[in-house]
Amino acid sequence: MKRRSNWGGILLAALALSIIILMLVGILLQRGRTGLFQSSHYRDSVRALQAARGGVNHVMTLLEENAAYSSDLSIALEDAEYSITFDPGNPNFSVNNLSSASPSTQTNMFGEEVPPRSADIVVTARSGRVERRVHVILSNGFSAFRSASAVGRVILTGDVKVDGIKSLTPPPGQTEPAPAPGGVLSKFESTNASEPSIEWIESGGTFELSELSRLEASAPSGGAAFSSNLESLFPDRAIEDGASDVIPDIDVDAYVAGGMASPPLAGGSTLAGYVYVGDSRSRSGNVTVNGTLSLTEGTLYVDGDLTVNGNIEGTGSVFVSGDINVVGGNTLVMTDRPAGVALLAGGDVSLQGINAAGALQNLASLYGFEPATDRLFSLLTGYQGSVGFSWVALGKHDGPWVPDPPASAPPPDNLRPLGPAPIEEWVNPIAGPNGGHALAFSNAATTRVVLSLKETYPAYTSDPQALKVVKALEDLQYFFRSNKHYVKHDGTSLINQAGTRFFDLEDDYQLTEGGVPIAPNEFTPNALDLLPPMDLLVTDDSSTMLDEDWDDRGAPDYLRTHDAIFALLGNNADLQNRRRDAFFEANNPLDANWLGDSYFQGMVYARGDVSAETNFRVVGALISLGNISLSNGSWLTLNEEYSDLVGQVLPIGLVFYEEL
Amino acid sequence: MKSRGFTLGEILIAFFVLSIASLFLIGLTVTNLSIQEKGGATVRAAQVGESMLEDWKGRPYGEVLALSGQPGSQQTVILEGREYICTLTVDPLQPAASNPGSRVLLMNMNVAWQEQTVISGGGTKTTRDNSLDLQSIMSPGGSL
């Protein structure tokens, strides 16, 4: 029998073994190749992303150099390249709308309009076979936008309130502004537990942090991010190591140097009253404004220090190479007119509020008056004995004032000096309807009173009490100018302090809104807010005035009588004194509740420290490369609409980022 | 029927073939492991480099600018037992036409590490130098 051969089986086994070996080889080779591909892909991906993000940084600088920049950009790095194109024919195109105050006509690559003062940028980067795209929106302003941001420490004392709003204007149908995240940021890396990055010294006060707001601090380096009381109060909203945003380093000196070519600001180093800046102005040396610095899309450059004993209002920017000191501030927040000022200081910024109610209270205590019933005039009269000014001087008149004029004195020359010297100037130079020169707390007249007081008693700046009186008067002037409290004539609706109507009582006693006389029956002024025409209020016909109420005299509805005025006129003093008293009393019966916090609307940027004290409320933001300290009642309300406050002046910041 | 087994020669040939195949497979596995190790090290180097770049981009512009034209700032990071030496060099971005005032800086982060290779048989260890470069851009107004 022929023996069967086993070579076939052996061959099959060898083949099977070979196949298995080849499969193993294939798997191993594939794994190696995949691993190699994955690692090199990852490396290239990182390279491409870094290049794309670098492209964003690059174009930010180009846009800062030239806000209208729209040239295509293509840069080759060692292992990657990035490109930006503004050609709408390219699928990944960018749109620069930085220079425009309105949305772009050219939509972005997604078909969306680009917001005002913004650039919609797409950066495409490649490394190897990897492509990464980054889409960002750049805008003039800050990326880190909080109520208060400091590179150094943030120290808060006493009553503190931190919140944020989207805009001062409430949404349609709402009475309150829409809330937004506010917050406090400190990039200080505390090395000492007794010096936390953000500290609240209670001093019997309370700390209110709105629900959306956060406290963020850098991770401490051996110290503490927050004082223990803050950690206890806000365990979920005090975020350690949450300060990743960069606080921009603005070269304020460079801006000041560049702005010194602007026309000079008129006047001397000390300016009084309203100082209007409606374009670009410059001043070399220190400037003091005793009154109001009013900006209308204006820019002021000061190569020195700026001191404002009053308020800063309007819209615009102030660049100061040295320090900025604001004593007083606005009395009220303006809601319906453009308001928002950017203050940028190469040095420190100090905001000192005045507690006007407290000041009057102090005055009252000092001279033994009763705030609830005594008149500011009385207070001032008592005060004049110690500081030396006279009411005659307030009117810029020569000659002694005769307190009891003869009955034949021509009406209604209140404050008119009846001595032998000739009259040089009326306090109110505009003749009233009856040919007289009555006083009222109209805008201009109050300004004159304040300025006269200052001129008569120049030392008021070094006399704390006199300064307070001046401030109180200035507040009164501002209050009157703003006229915040109104009850509509039909009594159905109230326009409160967040109201949106502003009225001026002109020198000729016309009540106007935006320069246009309002209908006489549109509003009934609430007590003490608006004066009726002074020729009706103070008249030489004392029998008529003393015997009748305002309504009884057939005055129009909007001139309804006020008890305070009637009571005033019902006293037994001589007519001259009654007239004199009237214009103070009717406006300010020492019920100073409406005099309260001091306000600043806008953004404050300081390369040095920022401090605010005495009931100072900032509606906007505080940004400091140094420390921020707030004391004696501080209220920081971030206003998101101020992120675009200064247009193209501030560095371009990132407001949106995504990887496509 | 009595079946015939494998002859010694056949077995020896089979062992020889299997040995060759095994050696090939072992060699391939070692190579594969080496490739994977190198890939892993590259990934970690890229992560380290990216992290270091981000750290530098978070610093003040002036601090980075001070490195411009200098030999470079060196830091060592040890990750999973391996040492990565990170060297940052800074130069103005080129071309100058796209860099007004030479304020835009090119940051190059070089990450270098050593790879050890064991030569089978003798057990000899050799080291091989590896490096990886990452570039990014920094601008005065802050960096993304």
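Chain B of this predicted model has a secondary structure of two helices and four strands. Chain B has 144 residues, and 25% of them count as buried. As for its contacts, take those between residues at least 6 apart in sequence: 55% of them join residues at least 24 apart.

Let us turn to helix H1 of chain B, residues 8–57. How far does this helix reach from its first C-alpha to its last? With 50 residues, H1(B) reaches 72 Å, close to the 74 Å expected at 1.5 Å a residue. Several residues of H1(B) are buried, among them B:Asn32, B:Gly39, B:Met52, B:Leu53 and B:Trp56.

Next come two strands of chain B. Strand E1 (residues 73–79) and strand E2 (residues 82–92) of chain B pair in the antiparallel sense, over seven bridges. Within this part of the chain, B:Val77 stands opposite B:Tyr84 of E2(B). The two strands, E1(B) and E2(B), form a hairpin, and two residues lie between them. In the turn, B:Glu80 has a positive phi of about 50 degrees.

I now move to the place where the two chains meet. Here 39 residues of chain A are in contact with 36 residues of chain B. On the side of chain A, the elements that give two or more residues are helix H1 (7–65), strand E1 (73–76) and strand E32 (652–659). Which of them gives the most? The answer is H1(A), with 26 residues. Sorted by class, this side of chain A has 19 nonpolar residues, together with ten polar and ten charged ones.

Finally, I would like to consider one residue of chain A, A:Ser83, which is found in strand E2 (residues 81–84) of that chain. Why does A:Ser83 count as partly exposed? The reason is that A:Ser83 has 19 C-beta neighbours inside 10 Å, whereas a buried residue needs 20 or more. Leaving aside residues up to four places away in sequence, A:Ser83 touches A:Leu73, A:Ser74 and A:Thr124. A:Ser83 and A:Val122 are 39 residues apart in sequence, yet their C-alpha atoms are 8.7 Å apart in space.

Thank you for your attention.

Key: Residues are numbered from 1 along each chain as its sequence is written. Chains are lettered from A and ligands numbered from 1 in the order in which they are written. This is a predicted model: local features need pLDDT of at least 70, side-chain atom pairs count only at pLDDT 80 or more; totals for chains, interfaces and linings use all residues. Two residues are in contact if their C-beta atoms, placed from the backbone, lie within 7 Å. Ala, Val, Leu, Ile, Met, Phe, Trp, Tyr, Cys and Pro count as nonpolar, Asp, Glu, Lys and Arg as charged, and the others, Gly among them, as polar. A residue is buried if 20 or more other C-beta atoms lie within 10 Å of its own, exposed if 12 or fewer, and partly exposed in between; C-beta atoms are placed from the backbone. The expected span of a helix is 1.5 Å times one less than its number of residues. Two strands pair if DSSP finds at least two bridges between them.
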